[in-house]
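Subject: Structure for you to look at

Dear colleague,

Please find below the structure I promised to pass on to you. My notes on it follow, and I would be glad if you read them with the model open.

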Amino acid sequence: MSVTAAEALVSQLESYEVEYVFGTCGHTNIAFLDALGRSGIRFVIARHEQAAAHAADGYARMTGKPGVLLVHVGPGMMNAVTGVATAALDSVPLITIAGDIPSYYHGRHPHQEVNLHADADQTAIYAPFVKRAWRAHRAEDIARFTERAFWTATSGRPGAVLLNIPMDLFSRQIPAGSAFPLVKHSPAPALSAKDADRMAELLVDAEKPLIYLGGGLRDEAGRAALLRLAEHLDIPIAHSLMAKGVVDDRHPLVMGMTGFWGLELTNKYTRDADVVLALATRFAETDASSWNPDYTWQFPPARLIQIDIDPAEIGRNYPVEIGAVADAALAVDAIASAVTARSPQGTDRPALREKIAAERQELFGASRERGRSDDFPLRPERILADLRDALPADAVLVTDVGWNKNGVAQCYELPPEGRFVTPGGLSTMGFGPAAAVGVQLAEPDRVVVALIGDGGLSAQLPAVPMAVEQGLPVIFLVMNNRAHGTIADLQAASFGASYGCEFTDADGNPYSPDFAAYGRACGADGYLVGKPADLAEALRTAIESRRTSVLDVPMVNEPVPTPGHWNIKDIYRGAFD
């Protein structure tokens, strides 16, 4: 018995327990879509490939399972580049299946082939950011390549991969039952007892130890081990942007975020620490104040213990005393056990806890106080305060870039049941609206808010009809300052004007579309906030209705505090150190 390669691929995806495929149609992939339509897998259609990629990304971040994206040849797969690269740089498992021109026309420049100045190879477009790209030459290879794609995307440091399939291969007949099963069990790399003991010795003997947490530690066992270690030695915990919410914001040892948008207390402690245990973090530029030791991190004299599942990250940005390639959760558990064996009585630093508590109380309290303002357009912290008061504890905030990302990371007290999802490595404007759709598909019973700017929603308008079509109660809250506000502030501070960063009409007046009306035009509920009290009421109504909702919230353009440093400011001043 034989089947088409498209039918075999769909059966293989079903055996891998794929629930959704996100994407758009094209003449190169409709044979696959036809087979998909007869399966139990649901196709989530998008009006733009970047929206589909971000939605698949959001689904993968919430479930831990790989997102699957389907795109068309040429412009289709190129439209998805930004979304796939966003997932790749944030270590999100994402499998892109791209249709391609017929295999027998390769190089002749058939319709939509990309080969203007070089031999055609659209997989090369993805090469700088995917873990691996496969180009199928025979229908019989698709099953093997698909198994390799899923394994590669999910093993080690997760990431994005590309499976490129010429359209004629989808329609070719192959023997039924030739799918390759996934690896059934793959133990994560652990830390040896000897290395754990060496790390424990450094931490126990340190005067000012610090744990620095990145976004790669998410499972419950790992978080429990982290707290066991921190609480036993009274070690403060700092975190990167991507690790916001991994440990409860209210925990007495959590100092907060480091770097450009970090906190003064946290950045000072990074400079004073003598031993730093860094877990699953790449020490990104903004988290490390452009690696300037005057603001954040001083290695040396501090001694760095770095643990990451990706060997390329060990020592990439700072000299390392002990580096280990290991699963962060298993490693921190081993270190905690070694620490308690070496120092059973633990350590007590009451003065440090008191200082952290005072600083954190001041941070959150001052933000709430500023959030009481009845100024209109609303101050950004008023929007965050009303959001905190209205949302259930387990709500998911999906942000874009700007105040909605940096302000939340700084001063939004995230409940332990909640989740913060944001684009880190690529810092992609337009991520939030579509990613929230994927998050809501993964968590249909939770309240999901796409907290975005007007620039962010403008970049991904297709997200709203996508949510409506899927019957998803995503709340799109638009912090509307009629500008690319963060960049406008940066330009104004550096050059004295914000030309090209603010939205105006033909007469130079501030301009913005009516996003609430756009939401209603798409079949969603639309709320245009006209006075301060309207926001809280609109949020309550949107949460209760369980319908797709768009809240257009006028906001004053107000800079996010930046206690750290970013080298771009030196560049604007002409200093290129």
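Which residue in β12 does isoleucine 211 stand opposite? Isoleucine 211 stands opposite leucine 277, and proline 209 is likewise placed opposite valine 275 in β12.

Before going further, please keep in mind that this is a predicted model, in which local features need pLDDT of at least 70 and side-chain atom pairs count only at pLDDT 80 or more, while totals for chains, interfaces and linings use all residues. Residues are numbered from 1 along each chain as its sequence is written, and side-chain values use heavy atoms, with hydrogens and water left out.

The sheet

Six strands form an open sheet in the order β11-β10-β9-β12-β13-β14, with parallel pairing (strands are DSSP runs of E of at least two residues and helices runs of H or I of at least four, numbered from the N terminus; two strands pair if DSSP finds at least two bridges between them). At the edges stand β11 (254–257) and β14 (322–325), each with a single partner strand, so one side of each has no neighbour in the sheet. Helix α11 (residues 264–272) packs on this sheet and touches β9, β10 (237–239) and β11, where contact means heavy atoms within 4.5 Å.

Within the sheet, β12 is joined by five bridges to β9 (residues 209–213) and by five bridges to β13 (residues 303–308), where alanine 278 stands opposite glutamine 306. Five of the five residues of β12 (residues 275–279) are buried, so the strand is largely enclosed by the rest of the structure (buried means under 20% relative accessible area, with a 1.4 Å probe and protein chains only). In a regular strand the side chains alternate between the two faces of the sheet. Here Val275, Leu277 and Leu279 point one way from β12, whereas Val276 and Ala278 point the other way.

Histidine 565

Histidine 565 lies in the loop between β20 (549–554) and α22 (567–572), and is buried, with a relative accessible area of 9%. Its side chain makes a polar contact with the side chain of aspartate 570 at 3.1 Å (a pair of N or O atoms within 3.5 Å; within protein, one must be able to donate a hydrogen and the other to accept it, and residues adjacent in sequence count only if both atoms are side-chain atoms). Leaving aside neighbours within four places in sequence, histidine 565 is in contact with residues including Phe260, Ser289 and Tyr295.

With kind regards

Technical notes. Buried < 20%, exposed > 50% of the residue type's maximum accessible area, 1.4 Å probe, protein only. Axes fitted to C-alpha atoms, helices over the stretch in contact; angles between N-to-C directions.
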